[in-house]
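Thanks for coming, everyone. Let me put the structure up and walk you through a few spots.

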Amino acid sequence: MVEKRLGEQTIAFKNPPSIISTAAIAGPKEGEGSLRDYYDIVLDDDLFGEETWEKAESKMQKEAVRLALEKLQIDEKDIDYIFAGDLLNQLMASSLAARDYRIPFFGLYGACSTLTESMSLGAMAVDGGFADYVIASTSSHFCSAERQFRFPLEHGNQRPPTSQWTVTGAGAAVISSKGKGPYITHVTTGRVVDFGIKDANNMGAAMAPAAADTILRHFKDTGRTNKDYDLIITGDLGKVGMELTLDIVKKQGFDMSANYSDCGVKVFDLTQQDVHAGGSGCGCSAIVFCGYLYKQLLEGNLNRILLISTGALLSPTSTMQGESIPGIAHAVAIERGV
């Protein structure tokens, strides 16, 4: 197993697992963005026919898994594991979604980095010979996240310009030892990085150092640079965090301005929609990758991308106790052909 390691934090797969199916479900506001046509389902309302926002989020994740399997015409009994997580206490959305599937379940918490965390672990399981089919899935919901982390919606509190809009959405990807790509070729697992940011309304600044750290480590471990990728895209830094990440990485000798973007910037129309600094949440990189980016890879518009989902590892308790906000970022290199 050691021979698969590159440098300090990266794995290069000997038999790169293939992403053979994805599904993305987006909320109404997300459906007003420029990527609307790439989602499998755009909800008419945030409740998705349920009584609570939390139940709606769980239903989104359950339906994303169902759709991803339906596209393959394979049964849930063929899936070896689900790797999934969300932002809610005790992984409520993922756990309640998984209970309706008779599939072994690994519950993960990486905050908004959960998509690439689940994809990383799923790919390791497949390349290691422990599974033939795994599902990586995650979700978030604006209303459930606001209730848990900030204020009740009824409060009507003002949002500062640095704040982001939690994406209502869910994504699922089926990763397999079979298939013809696109392939997960490398995984760079992030470290927890904390630059002392305490403002819970400035997640981009809190997560940017972790994103830059993982990108720079990926370059050092693999010998690659930004020029080796058609696109380098972070998870949910938004406009503020994206600019900070560009600046940090540039100071280390890598100018990514020509091929770098952020899912939190792409998911909404920042000029037409009032989302301040952009999108956030587990569902942010989930619907952008499982909807838009995956199709771009299949169609050959992108051949090699580096996807880095980013997470702010805070809780309501840590915020109230005056703790700073640690950041985490996990990277997966995805290639159309190997």
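Start with helix α2, residues 92–98. Of the elements around the second largest cavity, α2 gives the most to the lining, with three residues. Keep in mind that this is a predicted model.

What else surrounds that space? α1 (53–72) and β5 (81–85) each supply at least two lining residues as well. The lining residues include Gln61, Val65, Ile82, Ala84, Tyr101 and Phe105. By class, the lining has seven nonpolar, three polar and no charged residues. The volume is about 40 Å³. Across the whole structure, the search finds three cavities of 30 Å³ or more.

Next, a helix pair. α5 covers residues 203–222, and α6 covers 238–251. They pack at an angle of about 40 degrees, with axes 8 Å apart. The crossing is right-handed. On the α5 side, the contact includes Gly204, Ala208, Ile215 and Leu216. On the α6 side, Gly241, Leu244 and Ile248 are among the partners. That contact has 10 nonpolar, three polar and no charged residues.

Now a single residue. Is serine 261 buried or exposed? Serine 261 is buried, because its relative accessible area is 10%, and the cut-off for buried is under 20%. Serine 261 sits in strand β12, residues 260–262. Leaving out residues up to four places away in sequence, serine 261 touches Leu231, Ile232, Ile233, Thr234, Met242 and Lys266.

Last stop: helix α4, residues 142–149. The helix is mostly covered, with six of its eight residues buried. Those are Phe142, Cys143, Ser144, Ala145, Glu146 and Gln148.

Conventions
Residues are numbered from 1 along each chain as its sequence is written. This is a predicted model: local features need pLDDT of at least 70, side-chain atom pairs count only at pLDDT 80 or more; totals for chains, interfaces and linings use all residues. Side-chain values use heavy atoms; hydrogens and water are left out. Buried means under 20% relative accessible area, exposed over 50%, partly exposed in between (1.4 Å probe, protein chains only). Helices (H or I, at least four residues) and strands (E, at least two) are DSSP runs, numbered from the N terminus. Contact means heavy atoms within 4.5 Å. Axes are lines fitted to C-alpha atoms, for helices over the stretch in contact, and angles run from 0 to 180 degrees between N-to-C directions. A crossing is left-handed if the near helix is turned anticlockwise from the far one by less than a right angle, and right-handed if clockwise. Ala, Val, Leu, Ile, Met, Phe, Trp, Tyr, Cys and Pro count as nonpolar, Asp, Glu, Lys and Arg as charged, and the others, Gly among them, as polar. On a 1 Å grid over the protein atoms alone, a cavity is a set of points where a 1.4 Å probe fits but cannot get out, and a pocket is an open set with protein on both sides within 12 Å along at least five of seven lines; lining residues have an atom within 4 Å of a point. Grid points are joined across faces, edges and corners, and a volume is the space filled by probe spheres set on the points.
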